[in-house]
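Reader: I would like a close look at one part of this model. Please take me through a strand and the side chains around it.

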Amino acid sequence: SKVGSDFSLSLSLLFFVLFCLFTFQVLVNIGNHFDLASSIFVAPRKGIYSFSFHVVKVYNRQTIQVSLMQNGYPVISAFAGDQDVTREAASNGVLLHMEREDKVHLKLERGNLMGGWKYSTFSGFLVFPL
């Protein structure tokens with residue numbers, strides 16, 4: 001049987017004292033493999049998955065770094081650090097070999113998005129089952 005696994009999200013940030021969590025407005029979540037409560041995508045099956053993210057910082061002089069994490073380890077990152085613009089975007093994408101139950105999420109490693117959340121997205125889909 002075919003297991004659907006597509007999702008697309010619009011993200012916002014909640015800030016806590018020592019760390020940040022991403023919370024999402026889910027636009028598409030076929031198969032419900034993106035867990036809204038934990039902001040983590042859990043692979044329903046072994047395969048090659050495509051992930052991409054696009055983040056925007058707004059009116060912020062700080063450098064931001066966002067990483068895509070697989071099972072707790074950074075795989076790719078994107079940076080935005082221009083001090084002289086009011087808006088700046090950072091994007092990245094990757095194909096990942098994932099086992100069933102592997103987990104993927106975004107982590108804000110540095111800075112804050114300060115309003116850019118409404119312009120930011122995180123998407124993924126199963127390219128090829130193995």
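Author: The model is predicted: local features need pLDDT of at least 70 and side-chain atom pairs 80 or more, while totals for chains, interfaces and linings use all residues. Residues are numbered from 1 along each chain as its sequence is written, and side-chain values use heavy atoms, without hydrogens and water.

Val127 sits in strand β10 (residues 121-129); strands are DSSP runs of E, at least two residues, numbered from the N terminus. Together with Leu95, Phe125, Phe128 and Leu130, Val127 makes a nonpolar surface patch of about 500 Å². Such a patch joins nonpolar side chains within 5 Å, from residues with over 30% relative accessible area and no salt bridge (a Lys or Arg side-chain nitrogen within 4 Å of an Asp or Glu carboxyl oxygen). Areas come from the Shrake-Rupley method. Strand β10 gives the patch its largest share, 3 residues.

Phe122 is buried, at 0%. Phe51 is buried too, also with 0% relative accessibility. Their ring centres are 6.4 Å apart and the planes at 25°, so the pair is stacked (centres within 6.5 Å make a pair; planes under 30 degrees count as stacked, over 60 as edge-to-face, the rest as tilted). The pair links distant parts of the chain, since Phe51 is in strand β5 and Phe122 in strand β10, 71 residues apart. Phe41, Tyr49, Phe51 and Phe122 form one aromatic cluster.

Notes:
Patches are made of residues with over 30% relative accessible area and no salt bridge: like charges are joined within 9 Å, nonpolar side chains (Val, Leu, Ile, Met, Phe, Trp, Tyr) within 5 Å. Accessible areas come from the Shrake-Rupley method with a 1.4 Å probe; for residues, only the protein chains shown count as cover. Helices (H or I, at least four residues) and strands (E, at least two) are DSSP runs, numbered from the N terminus. Rings of Phe, Tyr and Trp (its six-membered ring) pair if their centres lie within 6.5 Å; planes under 30 degrees apart count as stacked, over 60 as edge-to-face and the rest as tilted. Buried means under 20% relative accessible area, exposed over 50%, partly exposed in between (1.4 Å probe, protein chains only).
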